[in-house]
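Subject: Handover of a structure

Dear colleague,

Please find the sequence and the structure below.

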Amino acid sequence: MHIPVLFSETIAALGIRPGGRYVDGTLGRAGHARGIAEKGGTVLGIDRDDAAIAAVEAAPHAGIVAVKGNHGDLAAIARAHGWDEVDGVLLDLGVSSPQLDEAERGFSFMRPGPLDMRMDRTQGTSAADLVNTLGRDELAGIIAELGEEPKARQVADAIVRERAKRLFSSTVELAECVERAIGRHGAHHPATRTFLALRMKVNDELGELERALAGGLEILKAGGRMAVITFESMTDRMVKQFFARHVGREVSLQQGGSRWEGVRPRMRLVNRKAIRAAASETGANPRARSAKLRAAIREEI
Ligand SMILES: C[S@@+](CC[C@H](N)C(=O)[O-])C[C@H]1O[C@@H](n2cnc3c(N)ncnc32)[C@H](O)[C@@H]1O
């Protein structure tokens with residue numbers, strides 16, 4: 001089961017137009033896509049996970065087409081389906097509940113499974129490949145940068161020590177190694193940040209997001225909207241900065257008046273601040289606690 005996060009807020013932020021075309025770059029179990037279709041929009045839903053595509057195809061919904069692909073290629077995929085211009089783009093980033101819940105996908109440090117973490121299991125490098133082969137400095141850099149783990153060097157040292165004895169193959173081996181290295185502190189499992197960093201690296205989540213934002217804006221009509229839900233500070237920052245560059249700012253001129261400075265195409269924020277889930281939602285769905293929704297509208301020029 002995957003409960004869509006910030007569901008009504010996202011549908012409202014996208015301002016669905018009946019007959020409009022919407023690209024959902026993170027189709028998952030089509031929770032948000034169904035909401036769009038029920039308001040009269042047509043959805044081209046992209047997911048890189050075969051299991052997500054198969055699940056949506058097994059329960060077809062009018063107005064939703066599921067396509068296996070990477071949202072980094074969002075603009076090219078839309079154009080290949082004859083969609084040169086769209087009314088909206090949605091990204092609900094990160095992993096889905098079914099991905100986390102299935103031990104064999106290797107996303108969860110709480111479930112014993114192979115240390116995989118690839119969203120698309122038909123290609124790419126697994127998390128086990130990374131921890132077993134990368135140099136100590138590179139590992140520490142990834143864990144520090146993508147996981148924002150303050151004890152990244154200690155974690156990397158422990159991984160390198162441990163793999164000299166035996167290569168990592170399971171989630172639990174890595175989780176226990178991290179716990180031994182940095183101990184338990186706070187409410188979260190000590191391996192939380194390390195697992196996040198590896199997942200982001202394995203799936204090049206920052207690179208794909210950058211390409212998805214640029215590609216989405218490229219095919220967005222004037223008046224069309226982009227909505228992005230993030231779950232980590234790293235990806236939220238990227239979305240916030242991308243929107244800020246396109247929203248630009250009015251700079252006062254010496255001779256009077258003002259001039260807009262920013263990156264074209266120009267955008268306007270739907271909400272000044274990120275939208276967070278209400279207590280009623282976080283109570284029912286803990287995943288929503290860290291969710292942030294940002295949305296912006298493409299301007300005429
Ligand atoms: C949080 S879930 C989306 C859930 C969906 N909004 C729903 O309500 O059912 C994120 C989904 O995006 C997919 N995904 C993540 N990165 C992707 C990428 N670069 N390209 C395509 N799909 C991606 C994952 O496989 C996962 O199914």
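This is a predicted model: local features need pLDDT of at least 70, side-chain atom pairs count only at pLDDT 80 or more; totals for chains, interfaces and linings use all residues.

Residues are numbered from 1 along each chain as its sequence is written, and side-chain values use heavy atoms, with hydrogens and water left out.

Strands and their connections

Helices (H or I, at least four residues) and strands (E, at least two) are DSSP runs, numbered from the N terminus. Strand β2, residues 42–47, is mostly covered, as 5 of its 6 residues are buried; buried means under 20% relative accessible area, exposed over 50%, and partly exposed in between, with a 1.4 Å probe and protein chains only. Strand β1 (residues 21–24) runs parallel to β2 and is joined to β2 by 4 bridges; two strands pair if DSSP finds at least two bridges between them. Within this pairing, Arg21 has Thr42 of β2 as its bridge partner. From β1 the chain passes through helix α2 (residues 31–38) to β2 in a right-handed β-α-β crossover. Right-handed here means that, with the strands pointing away from the viewer, the path from the first strand over the helix to the second runs clockwise.

On to β3: β2 and β3 also run parallel, joined by 5 bridges, and Gly45 has Ala66 of β3 as its bridge partner. Together with helix α3 (residues 50–58), β2 and β3 make a right-handed β-α-β unit.

Salt bridges

A search of the whole structure finds 25 salt bridges, each defined as a side-chain nitrogen of Lys or Arg within 4 Å of a carboxyl oxygen of Asp or Glu. One of them joins Lys68 and Asp120, whose closest N and O atoms are 3.3 Å apart. This pair links distant parts of the chain, 52 residues apart: Lys68 is in strand β3 (residues 64–68), and Asp120 is in the loop between α5 (97–101) and α6 (127–133). Lys68 is partly exposed at 33% relative accessible area, whereas Asp120 is buried at 7%.

Arg121 and Glu104 form another salt bridge, at 2.8 Å from N to O. Both Arg121 and Glu104 are in the loop between α5 and α6, 17 residues apart. Arg121 is partly exposed, at 34%, and Glu104 is partly exposed, at 45%.

Lys292 forms a salt bridge with Asp236, with 3.5 Å between the closest N and O atoms. Lys292 lies in strand β10 (residues 292–298) and Asp236 in helix α12 (residues 233–247), so the pair ties together parts 56 residues apart in sequence. Asp236 is buried, at 6% relative accessibility, and Lys292 is partly exposed, at 24%.

Two individual residues

Thr10 lies in helix α1 (residues 7–14) and is buried, with a relative accessible area of 0%. Not counting residues up to four places away in sequence, Thr10 touches Val5, His32, Leu90, Ala227, Ile229 and Leu293; contact means heavy atoms within 4.5 Å.

Ala103 is in the loop between α5 and α6 and is partly exposed, at 27% relative accessibility. Its contacts, with residues up to four places away in sequence not counted, are Arg111, Pro112, Gly113 and Pro114. Ala103 and Leu115 are 12 residues apart in sequence, and their C-alpha atoms are 9.5 Å apart in space.

With kind regards
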